[in-house]
Amino acid sequence: MITSRNVVMVLAVALLATGQGTAQPVYHYAPYFTATGESKHDVPNRKEYQLTRFSLAAWFKTTTNFEGNIRRFIVNRGGFGVDDPTLKNPISQNYYICMRYGGQVEAGFEEQNGKDHFVRSDKHYNDGKWHYVVYTFNGNTNALYIDGQLVKRGFTDAIPDTRSIAPFRVGTNSYDGLVKGRYFIGSIDEVRLWNYALDPSKINTTEGEIIYLPFGPDILTFYDLPNANRLLPSGVIDAVKRAKDRILIDTNLLDTSDASASGAFWKEVINAHKRGLKVEVLCSTRGQNDASVKALQAAGINVRRNAIHAKILVVDDAVYVGSHNYNHNGFQVNIESTLRIVRDDVVKKAVDYHNQAFNGTFASLKDGGGDIALLTNGYQPALLNAINGAQKRIWLTEYSAADYVENNNDPMSEVARAIVAAKQRGVEVRIAGGRNFDNATLKDYFLKNGVDYRSAAGETYRQHAKIAIIDDRMVFVGSHDWADITSTTDMTVKVDVSGKYAYVLTETVEFFEKIWPPLPQTPDITPFYDLPKGTRLLADEVIPAVKKAKTRILVDVFLADLGSTADDFWNAVVAAKNRGVKVEVVTNGDRSGVAAGWLRVRGIPVVEKDIHTKMLIVDDAVYIGSHNYNHNGLAKNIEATLKIERDDVLKKAVDYHDKVFNKGNGGDYLSLVDNGGDVEPLSDGFYDAMKKAFDGAQKRVYVTTYTSFEYTEDDDITGKTGVAKQQILVSRLARALAAAKQRGVDVRFIAGRSAHAKTKMRNFLKANVSYRHVSDFANDPDEWIQHAKIAIIDDHTVFVGSHNWDFVTGRGNVTTKVKTTGKYRFLLKETEGYFNKIWGPRQRIAPVCRWTGETRSVSIQCGAGRLGARGNVSSSPALADVLHGTFSDSFVAVEAFKP
């Protein structure tokens, strides 16, 4: 697979000319020419290639051990064997580089009488590594350089035979006559020819370079980021330096000043004009172009102006189409995207477009099919058609847009509605807008309809790229802004990336992901997903938060217990009360009576209710999850809690607490149901929301719970109340999981210790979904428990809260349902990663490891199931370290015995 890393890698040129060395060679491009032993690449002969002074260079790589005295040609012109005396007009080799004798590199020429003059390396270079060879002849000295060092020099005043009209050939002998078996086997790249002998310190120069073969693909991507190596500027400056026939430029903005990053480009354009090339420039009438237009005209270049907005450059037989203006911002400041295309049909259309625009009219370019299409006013229909057919993703970058309107005849708004429709049918939509896009009401339309829109406008740079990625089959790159989506003064390339151009998709996706703006560093939801014996994330969060509280601390918790880490929390609560913070606690009196009494003695108002909620409000932050505020919840269990900092959620949480705490209103529970928002606290609405999510799942359902009712086949809740009704409801959830599994959904269920004890439910789930119990992966399940209550549905919903699968609709619980398709996508990734951690490794380790102490040996038997210490090993801290560090994810049993 070709990637942006190896398609275009422009590196800084470091001249390291010392002693007999040369400049450090710089490898610019891949892919490369593959010499199979039967393949070759020809450049038809031109008079300018017939040289008596020259420099010839190539990168090569091979592992072949070439036998005998036969030359295997990397590159040459003229051909060996043509000087055969039996031929009527014998002609000799002009210049060559080859490999001989098992890996030695040789370079040389023949004079007209057929005499060879060459230099050959002592070292062998068939080691499978890339090497750069340069051969120079200045009229009296043959010199061979490899990897920047002189390896051999020879002296002769012979004159190379230039009479052959054989092609400049890569991979074998350029003469197709009598002598066979001259094929090289390996890889060859960046073949170059200069019309003079290079100075050793200048082997990276393009001055006098008359052949350059990078062996690139039909399309090269130039996806530029600010303050990085400027890929397009480096590419087009080199291209203009090598240009032989024409340079045609259509650009909205240009800047030729020496102070501009684009100044070096325009200097080379002027030099090309002086060399006699056809140079034409078309730019917009904007005033900022005035000085540069005058400078180009003063240099004799033909410049015209009209309403052009396209960004096109034609250099000989290559066309560059994209978003780069040929000014300072386009070359140095902006996020930009441009494709270089070297296909005759595409170049012809680009040249025709330029010729018409240069003469005052703009060509209409529609989508005629094919794997590459140039589009002007055909851009909007092609993009709309692609969006309407999208099944997987629509990723867009744009710099500007007009305001959204309901008018069905507005082309931009029609595309916007198609994007929203795609989002509603499940397509992943991402839009990265530039500065001018942010100012349009189109952005508001997308946000209103749940499209993941993010501003990519920077303070010192602009998101100026114009890209669309549709599924894995289509990429658009060009100059069309959405402010004028039907423009003929713009040009965009549509590429079918499902075939030979699949690498363009890879590179475009990589670029988009780099510029896709990250979510805020302080999002309004923060997950606290705790694992035992790790950094206690929630405890580290809530204890300092309580210590800093200014206005209120409201606690609704099943277990409020004392001891260890819990003491730190409750002491901080008491200290907050003593400094004037409003503190109220609701807890389950049957389980937290001692803690409730301890708090009352210290002036904390406590209400004891039949509550199972785990919710904490500190000032304007709400914590909803599975953590009890006891030692197990804060320091031992697998737990999950979300911190939410949103006014709408805060209000519902406070209302819920007030209703439970207020005995004057009977201490009832607030009914919280699913209203369709992106963050919803649920109490008795939990069951309906989760059942609906399970029924609609298409990709995956991952569930954790601590306890459950038994399974029942009874599905009739008529007249049933209490446990009997709840048992039917949770059994419906179990059947929904089984149905999802049967239709191909990946269903995984992790049962906590108490849920696993429900035999019928356990057996039903084991028979119908992927099921695991905490003891399957716990080193010591008696020490800690899987207490988190999580559900992940596809890529769009996460549930985190206190609802177990018993009393699943009970109002004494609160669970948060979060839509993770928009700004909360990060939560999906973190929850999925956490679930995978507690899903646990499945492979048991078999070997027996033995530790010998001073008085006893300890055998560590792996694969024996639960951790059972059958002997006293506490006397060895080193052993404890080994057990914890080496086998913490394994199934470990320990046995102590005397030697």
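Two strands pair if DSSP finds at least two bridges between them. Helices (H or I, at least four residues) and strands (E, at least two) are DSSP runs, numbered from the N terminus. The structure is a predicted model, in which local features need pLDDT of at least 70, side-chain atom pairs count only at pLDDT 80 or more, and totals for chains, interfaces and linings use all residues. Residues are numbered from 1 along each chain as its sequence is written, and side-chain values use heavy atoms, with hydrogens and water left out.

**Exercise 1. Describe the strand neighbours of E26 and the burial of its residues.**

Solution. 

Step 1. Begin with strand E25 (residues 467-470), which pairs with E26 in the antiparallel sense over four bridges. Ile 470 has Met 474 of E26 as its bridge partner.

Step 2. Examine the connection. E25 and E26 form a hairpin with three residues between them, and Asp 471 in the turn has a positive phi of about 50°.

Step 3. Turn to strand E27 (residues 492-496), which runs antiparallel to E26 and is joined to it by five bridges. Here Gly 478 has Thr 492 of E27 as its bridge partner.

Step 4. A residue is buried under 20% relative accessible area, exposed over 50%, and partly exposed in between (1.4 Å probe, protein chains only). Strand E26 (residues 474-478) is mostly covered, as five of its five residues are buried. Met 474, Phe 476 and Gly 478 point one way, while Val 475 and Val 477 point the other way.

**Exercise 2. Determine where Asp 147 and Ser 564 lie, and whether each has a positive or a negative phi.**

Solution. 

Step 1. Consider Asp 147, whose phi is positive, near 55°. Asp 147 is in the loop between strand E9 (141-146) and strand E10 (149-155). Its relative accessibility is 30%, so Asp 147 counts as partly exposed.

Step 2. Consider Ser 564, which has a positive phi of about 55°. Ser 564 is in the loop between strand E29 (552-557) and helix H13 (565-578). Ser 564 is partly exposed because its relative accessible area is 45%.

**Exercise 3. Classify the ring pair of Phe 512 and Trp 516, and find charges that sit over rings.**

Solution. 

Step 1. State the criterion. Rings of Phe, Tyr and Trp (its six-membered ring) pair if their centres lie within 6.5 Å; planes under 30 degrees apart count as stacked, over 60 as edge-to-face and the rest as tilted.

Step 2. Apply the criterion. The whole structure holds 40 aromatic pairs. For Phe 512 and Trp 516, the ring centres are 5.6 Å apart and the planes are at 25°, so this pair is stacked. Both Phe 512 and Trp 516 are buried.

Step 3. Look for a cluster. Ring pairs link Tyr 49, Phe 54, Tyr 95, Phe 109, Tyr 135, Phe 137 and Phe 168.

Step 4. Look for charges. A charge sits over a ring if NZ of Lys or CZ of Arg is within 6 Å of the ring centre and within 35 degrees of the ring normal. Arg 71 lies over the face of Phe 118, at 5.7 Å from the ring centre, and Arg 393 lies over the face of Trp 395, at 4.6 Å from the ring centre.

**Exercise 4. Describe the cavities of 30 Å³ or more and the residues that line them.**

Solution. 

Step 1. On a 1 Å grid over the protein atoms alone, a cavity is a set of points where a 1.4 Å probe fits but cannot get out; lining residues have an atom within 4 Å of a point. Grid points are joined across faces, edges and corners, and a volume is the space filled by probe spheres set on the points.

Step 2. Count the cavities: the search finds two of 30 Å³ or more.

Step 3. Describe the largest cavity, with a volume of about 70 Å³. It is lined by 14 residues, and Phe 686, Met 690, Lys 789, Ile 790 and His 803 lie nearest its centre.

Step 4. Describe the second largest cavity, with a volume of about 30 Å³. Its lining residues are Ser 708, Phe 749, Ala 751, Ala 755, Met 761, Leu 765, Tyr 771 and Trp 805. Strand E37 (746-751) and helix H20 (759-768) each supply at least two residues of this lining.

Definitions and conventions: On a 1 Å grid over the protein atoms alone, a cavity is a set of points where a 1.4 Å probe fits but cannot get out, and a pocket is an open set with protein on both sides within 12 Å along at least five of seven lines; lining residues have an atom within 4 Å of a point.
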